[in-house]
Each structure stands twice: as structure tokens, then as C-alpha cells.
Amino acid sequence: MREDDTIAAIVTPPGRGGVGIIRVSGSRAEEACRPLFIPSRPCRFFRSHHLYHGWIHSVRTGKRLDEVLFTVMRMPRSYTGEDTVEINCHGSPVILQTVLDELCEARVRLAEPGEFTRRAFLNGRLDLSQAEAVIDIITAKTTEGLSLALDQFSGSISSQTKDLRTLILGMMALLDGSIDFGDDESDLTINRCELLATADKAIEKIGCLLAHYRDGRLYHEGFSALITGRPNVGKSSLLNVLVGDDRSIVSPTPGTTRDVIEQPVAIDGLPVTFIDTAGIRESEDLVEREGVDRVWKKVRQADIVIIVIDGSQSLTEEDRRIIDRCGGKNILAVLNKGDLPRKVDEEEARKLLRQSDPLWISAKYGDGIDNLRKMIRRIVTGSTEREADCAIVTNLRHKQSLEKALCMVRSAKENIDAGKSPEFAALDMREALDSLEAIIGIATSEDVLSEIFSRFCIGK
Ligand SMILES: Nc1nc2c(ncn2[C@@H]2O[C@H](COP(=O)(O)OP(=O)(O)O)[C@@H](O)[C@H]2O)c(=O)[nH]1
Ligand SMILES: [Mg+2]
């Protein structure tokens with residue numbers, strides 16, 4: 001009866017801080033916490049969602065453990081939908097652990113990772129797509145990532161999925177009707193028109209959601225953009241202008257940057273880590289050679305590689321070698337020093353890079369940098385702007401479910417079109433329905449649930 005257990009965990013991050021919070025959830029939450037807490041003003045009944053000041057003490061030793069704020073949140077108006085007590089202690093790991101120990105004495109079990117959110121899901125406080133959004137909210141690295149996660153948490157994906165589900169249930173009802181009274185030709189014809197129209201609507205709706213898929217990992221984990229090129233082409237200047245700060249030393253002496261410099265910034269809400277590296281050239285200098293070795297290691301790991309070419313000079317063998325060696329990566333080449341007379345052979349650069357239009361910039365004066373940002377964004381997301389008023393799918397699991405549903409609705413439509421027995425289309429629609437329901441967690445298998453909730457941390 002593990003789901004009936006009353007569970008507890010420290011819900012604030014590990015370490016020391018001003019406040020540390022313990023959450024207790026389950027039918028015995030109040031019964032277990034009550035003996036530990038002595039309110040500063042006598043009180044027999046705790047009003048739900050009210051804060052009480054007082055002391056936690058050990059039931060075993062009678063010793064005071066901490067001065068706290070104590071809240072009871074009675075079901076169903078709590079995060080988990082169960083009776084919940086939250087104790088705001090001081091943020092000391094010793095205090096928090098001692099209080100947890102006391103609770104365990106009172107037959108409270110330590111919560112597993114994600115167990116509070118799992119209970120919120122099981123108790124219908126959140127559907128599965130909303131529960132998944134909780135992790136995205138916690139891990140969001142930029143305001144854009146956060147805003148996408150909050151949309152999902154507020155039910156943007158849920159409501160679109162439910163609309164689709166209604167369409168599909170409607171189709172299934174029509175198909176059932178056709179199966180039962182299949183011998184009446186006129187009924188079948190009427191149904192067929194309506195079925196085809198509904199299928200088209202569903203296909204359009206799913207297609208629209210899929211068109212707005214954005215790889216959520218980009219927003220939560222971010223990506224790396226490595227800047228490379230031969231010495232003195234302006235790599236460090238480019239890093240500085242991209243991050244808006246003098247992070248990297250700019251110098252007319254080639255070979256100045258020897259270490260790898262990494263700087264996280266946001267491009268239109270996408271978390272990007274720009275990496276400035278040593279210029280690549282053959283060198284006798286051991287330290288510089290070590291630097292160049294590191295660059296190649298980093299190039300292999302980077303999500304995109306920005307190759308900087310000095311546009312005020314002709315292409316050199318070194319430039320060609322670098323472009324060649326970066327082949328196969330997501331490359332974006334820029335012709336720098338566009339403020340100086342342009343000497344580079346643009347035609348050759350275009351051919352070498354297989355890039356329709358190499359981008360001219362001036363890292364020194366900031367020209368072309370906005371354009372470069374847009375191109376970076378386009379390379380990683382496939383789109384330049386965020387479209388308004390459309391639920392944006394960022395979760396791979398949701399995307400795959402939608403793809404499966406789309407495929408099954410298309411197949412149903414073909415079967416109806418071809419005048420096949422309605423049973424075929426009904427089977428397709430059943431599968432489409434199952435895929436959609438998996439998104440919001442209706443009849444989702446235990447394996448999938450465990451996989452999802454195992455990604456949470458303890459206390460969430
Ligand atoms: N005129 C001009 N000079 C630049 C530009 N970008 C960089 N430089 C100069 O080129 C030299 C080398 O720049 P740096 O960023 O250190 O190049 P790195 O070796 O590739 O990192 C410095 O003297 C910079 O001021 C540019 O866009 N225009
Ligand atoms: Mg440099």
C-alpha cells in the first residue's frame with residue numbers, strides 16, 4: 001500500500017540557507033507532525049493554508065530543535081491533492097535531517113524522487129504533460145524556456161490534446177454507427193462525408209502542433225557555439241561583442257588566446273554558451289600547440305561551430321584546412337573585418353563553405369552581429385521567430401505521440417476514402433486515441449510513468 005504511505009522530504013535545495021522546508025504529504029501528515037510542533041500561541045485546530053509560528057521539538061528527548069513556521073494544507077487544496085504539512089525551518093542540514101528523523105519515528109516514509117508530483121498526477125491535480133512541465137520549470141535556463149514551460153504547466157498542451165481527443169471520439173462514434181448499421185447505404189454516405197471532414201480537421205490540428213515543435217532540450221540544457229579560425233582573425237573580438245563584455249583578451253599579437261574561454265548568454269531566450277579558443281596554426285610553441293589540440297577536442301563536442309575568416313585578407317591554406325576539418329559539423333562561417341577593404345575571394349569562400357551567402361561582420365564595430373544571432377538561432381531551432389498564440393510542443397515524448405496519432409488518422413482517412421469496411425478505420429482511430437491519451441497520461445503504462453518521474457529530484 002505504498003501509495004497510502006505518508007511521505008516526507010526536504011523540498012529546498014541541499015546545503016545551507018536562510019530557510020529549509022520539509023513537506024509531509026498523506027492522510028497521516030497532520031497526525032505525524034502535530035506532536036512535534038508547539039505553537040507560540042495555544043491553538044487546538046490549525047486552519048488550512050494558515051501560517052503558525054512556534055517550535056519544533058523532539059518527541060523522544062523533549063529538546064527544542066528549531067523555531068519554525070508551520071502550515072497545514074488540507075486536501076484537495078495542496079500540491080499533491082493530499083493532506084500536506086509544510087514546516088519552514090532554518091536552512092541547516094542538521095536541523096532538517098533531525099526533523100526528518102523525528103518524522104520517520106512517527107511512521108512517515110522518506111519520499112522518493114518525484115513522488116510528490118507523481119501523487120499530484122495520480123490525484124488528478126495535474127495531467128502528465130503538466131507534471132512533465134514541472135521539471136522544465138525547474139531546469140529552465142532562460143525566461144523564454146521558462147515561459148514555454150509555464151504555458152505547458154498551465155495546460156496549453158493538455159487543452160489542445162483534449163480538443164483533439166474530442167474530435168477523434170466523435171469520429172469513433174460515427175464509425176461505430178457505420179459498423180452497426182452498415183447495410184444502410186445512405187447512412188454510410190452521410191457518415192463518410194462527415195468522417196472525412198473530421199479527419200481533415202484532426203490532421204490539420206496535429207500538423208499545426210507538430211509544426212510548432214521546438215526541441216525543449218535547447219531551452220533547458222542550451223547548446224554550445226564554438227568560435228574557431230586562424231590566429232588574429234577576430235575570434236576573441238567576436239566573443240566579446242556577442243556576450244557584450246570584454247571576456248576575452250583581444251590583441252594584435254597572434255596566439256594570445258591559449259586557453260578555452262566559455263561564456264553563457266541568451267540569444268532570444270535560447271541559452272547558448274559561446275566558446276572562444278586558441279587560433280589554429282602550426283606552431284613550435286608547446287603551450288600554443290596544447291591550446292590547438294584542445295580546440296579540436298572542443299570542436300568535436302560543440303553543437304555549432306562558427307568559423308571566423310579575416311575578410312580583409314585572401315584565404316590562406318590554414319583557413320582552407322580549418323574549414324575542411326570542421327566539415328560534417330553545423331558550421332556557420334563569418335567574414336570578419338568587413339569595415340576594412342574586402343580582399344577575400346567571396347566566390348571561393350562560398351564554394352568551400354557550401355554556404356549560399358557568407359555573412360559579413362565587423363566584430364570591432366558590431367556590424368552584422370544581429371544577423372549572426374538570427375542565423376545561429378535559425379540553425380539550432382529551424383526558425384527565427386517565436387510564433388504567437390500557438391501551443392508549442394517542446395517535449396520529445398509528446399512529439400512522438402502526435403506523430404503516431406497523425407499517422408493513424410491519415411490511415412483511417414485512407415481506409416474511409418477507399419470505401420473499406422469501417423472496422424479498419426475504427427482500429428486506426430483507436431490507436432490514434434491511445435497515442436493522444438498517452439500525452440496527458442490517460443492509461444499510460446507504469447514503465448512510462450516511472451521513466452518520467454525518475455527524472456525528478458527528491459523533494460519535487
Ligand atoms: N578593423 C577590424 N579589426 C578587427 C576586427 N575584429 C578584430 N580586429 C582586430 O584584429 C586583431 C585580433 O583580434 P582578436 O579578437 O584578438 O583575434 P583572435 O586572435 O582571432 O582572437 C585585434 O587587433 C582586433 O582589434 C574587425 O572587425 N575590424
Ligand atoms: Mg583570441
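Biologist: Leaving aside its neighbours within four places in sequence, which residues is Asn 395 in contact with?

Modeller: Leaving those neighbours out, Asn 395 is in contact with Glu 132 and Tyr 213, where contact means heavy atoms within 4.5 Å. A word on the ground rules: this is a predicted model, in which local features need pLDDT of at least 70, side-chain atom pairs count only at pLDDT 80 or more, and totals for chains, interfaces and linings use all residues. Residues are numbered from 1 along each chain as its sequence is written, chains are lettered from A and ligands numbered from 1 in the order in which they are written, and side-chain values use heavy atoms, with hydrogens and water left out.

Now, back to our residue. Asn 395 sits in the loop between helix 13 (369-381) and helix 14 (396-417); helices here are DSSP runs of H or I with at least four residues, numbered from the N terminus. Its relative accessible area is 10%, so Asn 395 is buried (under 20% relative accessible area; exposed is over 50% and partly exposed in between, with a 1.4 Å probe and protein chains only).

What does its side chain do there? The side chains of Asn 395 and Glu 132 are joined by a polar contact of 3.3 Å. A polar contact is a pair of N or O atoms within 3.5 Å; within protein, one must be able to donate a hydrogen and the other to accept it, and residues adjacent in sequence count only if both atoms are side-chain atoms. The Asn 395 side chain also reaches the backbone nitrogen of Arg 397, at 2.7 Å.

Let's zoom out. The chain is divided into domain 1 (2-125), domain 2 (130-214 + 392-440) and domain 3 (220-381), with bounds from an automatic or database domain assignment. Between domain 2 and domain 3, the C-alpha centres lie 44 Å apart, and nine residues of domain 2 are in contact with eight residues of domain 3. These two domains bury about 640 Å² between them, 54% of it on carbon and sulfur atoms; buried area is the accessible area (1.4 Å probe) that two parts lose on being put together, summed over both. Lys 141, Thr 142 and Glu 144 supply 58% of the area that domain 2 buries against domain 3, more than any other three residues. Across that interface, the rule finds zero residue pairs in polar contact (both at pLDDT 80 or more). Helix 4 (128-139) and helix 5 (143-153) each supply at least two residues of the side of domain 2 that touches domain 3.
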